[in-house]
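Hello,

Here is the structure I promised to pass on to you. Please have a look at it first, and then read on for my notes.

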Amino acid sequence: MAQRGAFSWVFFLLVSFFTSHGDALGVNWGTQASHTLHPSIVVGMLKDNGINKVKLFDSDSWTLKALVGSGMEVMVAIPNKDLKTYLKYKKAKKWVKDSISKHLYDGGVDIRMTGFKFYSWRFEPGYVAVGNEPFLTSYNGSFVNITFPALTNIQKALEEAGLGDKVKATVALNADVYQSASNKPSDGDFRGDIKDRMLEIVRFLNEKNSPFVVNIYPFLSLYQNPDFPVDYAFLDDRGESIEDDGIEYSNVFDANLDTLVWALRKSEVPDLKILVGEIGWPTDGDKFANRTLAKRFYDGLMKKLATGAGTPLRPGGLSVYLFGLVDEDMKSVAPGNFERHWGIFSFDGKPKFPIDFSGKGQSKMPVAAKGVVPLESRWCVFGKPEMKNSSKLGDLVNYACSNADCTALGYGSSCNNLDRNGNISYAFNMYFQMQSQDVQACDFDGMATITTKNASTGTCLFPIQIMSAGVRVIGDGISAAAGFVGLVLFGIFGLM
């Protein structure tokens, strides 16, 4: 998942089915949350906001059923950890049969030159992206030698199934597969350690008329480099430009994508289609991750998409998927605390800031999710404010934050201004909400108490969780969210 996902464990095989080439905007719908929204609620929210392209990170049948008849363009996925499986052609054939072909049946299918039906939808040619960012340097080459063989097997299986003209295989790649020693696009080329593999892939994609899928995150440029010019991360032309071979670049997105264009030119596939699989801006978990800057970024991006300007080397419309739709409180925070705050909407489907999806200067609050059931209006707070610092109290806070999401307490984040007691209460409440307000989850050795008084203060929201849709489908054989990915905040409160 983009440069943002340099340490992410979400690797996947994507299948996308497109209904038209006119709409440039889609959105990533992730579900790594302790309390998920019901799929039908999410589909309704997407439609209410005029979003008709969605990318999933699995192929869950419950979610797909909610999308049936919606008219949306859908990307589905399977875990990338299974890539090794597709080194065996028989396994690749089975995947195509189970994941694609079985949905094409009499009465529900109308295969023509212009597309095909999947249940009640009609689709134009789609894509199968074999793996997600398999060449990240943090993977230490784990997928370097298996991605291309898996890619070719999937494409061959699609062709053998009679779908070769309708569904194309590709690979979702991170922008770190290419680089420029001078930071100018014209010096762009594929990384030396993977160049041979990349040449195989891009030439195969070109031969099969498949796109190059790339995830680009301007926020990461700012986050990772303290000397990076802030304005250059945005698309509103407020900062200084850089000049390259007679071309002026006013933002890092254009420069990044054109660096890829140069790499493709040098690989003798200058016209290979490019699709931006992920792009976005987080709203918490870092000093640059907030709603004000997120709005600024999206305003510039939406305007760019609406004008169809493209980049200097790729003028014309861009096709992008925003990352992401809703916050996910169980994502790994290895890349940074912001990982759980990429959503345009909060975990409960409430919009965070005004946004103009049309790019025509009509910025307004998106339509919130309808039918979401919140838990009771009650919070778990620190009940012993007179208690002095102790290792026991510190252990309890660390336990809470290891099993819940305390990322808003980090430096520069929305709850970074709380005092000692506020920090403790926040940690206790996040654990309490994670446990669906189980009264036993608000004990902490007698140091916590449940209150009906909203504990939120200033910019810091003490959230109330929602009734999770995940628990409703256990009986249907679909796993509910399980396990916790926590952030140990030992010592952050000065408790020791």
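Among contacts between residues at least 6 apart in sequence, what percentage join residues at least 24 apart? For this chain the answer is 74%. Please keep in mind as you read that this is a predicted model.

Here is the overall picture. The chain has 496 residues, and 59% of them are buried. Its secondary structure consists of ten helices and 16 strands.

Helix α4 covers residues 147-160, and its axis comes within 10 Å of the axis of helix α5, residues 195-208. The two axes cross at roughly 15°, which is under the 35 degrees used as the limit, and therefore α4 counts as roughly parallel to α5. The handedness of this crossing is left-handed. On the α4 side, the residues making the contact are T147, F148, L151, T152, Q155 and E159; α5 contributes E200, I201, F204 and K208. Sorted by class, the residues in this contact of α4 with α5 are four nonpolar, three polar and three charged.

Helix α4 also packs with helix α3, which spans residues 89-99. Here the axes come within 8 Å and cross at roughly 55°, so α3 is oblique to α4. The crossing of α3 and α4 is right-handed, whereas that of α4 and α5 is left-handed. From α3, the contact draws on Y89, A92, K93, W95 and V96; from α4, it takes in N153, I154, K156, A157, L158 and E160. The classes in this contact of α3 with α4 come out as seven nonpolar, one polar and three charged.

K94 counts as partly exposed because its relative accessibility is 48%. Between K94 and I154 there are 9.8 Å from C-alpha to C-alpha, with a separation of 60 residues in sequence. I154 belongs to the α4 side of the contact with α3.

L393, L396, V397, Y399, A400 and C401 of α9 meet R420, I424, A427, F428 and Y431 of α10. This contact of α9 with α10 counts ten nonpolar residues, no polar ones and one charged.

The loop between α8 (291-307) and β14 (320-322) holds T311. Is T311 buried or exposed? With a relative accessible area of 2%, T311 is buried. Leaving aside residues up to four places away in sequence, T311 touches F253, D254, L257 and D258. N256 is 55 residues from T311 in sequence, and their C-alpha atoms are 9.7 Å apart.

Further along, the peptide bond from F323 to G324 is cis, its omega being near 0°. You will find G324 in the loop between β14 and β15 (379-382).

E268 is not a glycine, yet its phi is positive, near 65°. E268 belongs to the loop between α7 (252-266) and β13 (274-279), and it is exposed, at 62% relative accessible area. Q437 likewise has a positive phi without being a glycine, in this case about 60°. The loop holding Q437 runs between α10 (420-434) and β16 (448-451). Q437 is buried, with a relative accessible area of 4%, whereas E268 is exposed.

That is everything I have for now. I hope you enjoy turning the model around on your own screen.

Your colleague

Definitions and conventions:
Residues numbered from 1 in each chain as written. Predicted model: local features only at pLDDT ≥ 70, side-chain atom pairs only at ≥ 80, totals over all residues. Heavy atoms only, no water. Helix = DSSP H or I, 4+ residues; strand = E, 2+ residues; numbered from the N terminus. Buried < 20%, exposed > 50% of the residue type's maximum accessible area, 1.4 Å probe, protein only. Contact = heavy atoms within 4.5 Å. Axes fitted to C-alpha atoms, helices over the stretch in contact; angles between N-to-C directions. Parallel < 35°, antiparallel > 145°, perpendicular 65-115°, else oblique. Left-handed = near helix turned anticlockwise from the far one by under 90°. Nonpolar A, V, L, I, M, F, W, Y, C, P; charged D, E, K, R; others polar.
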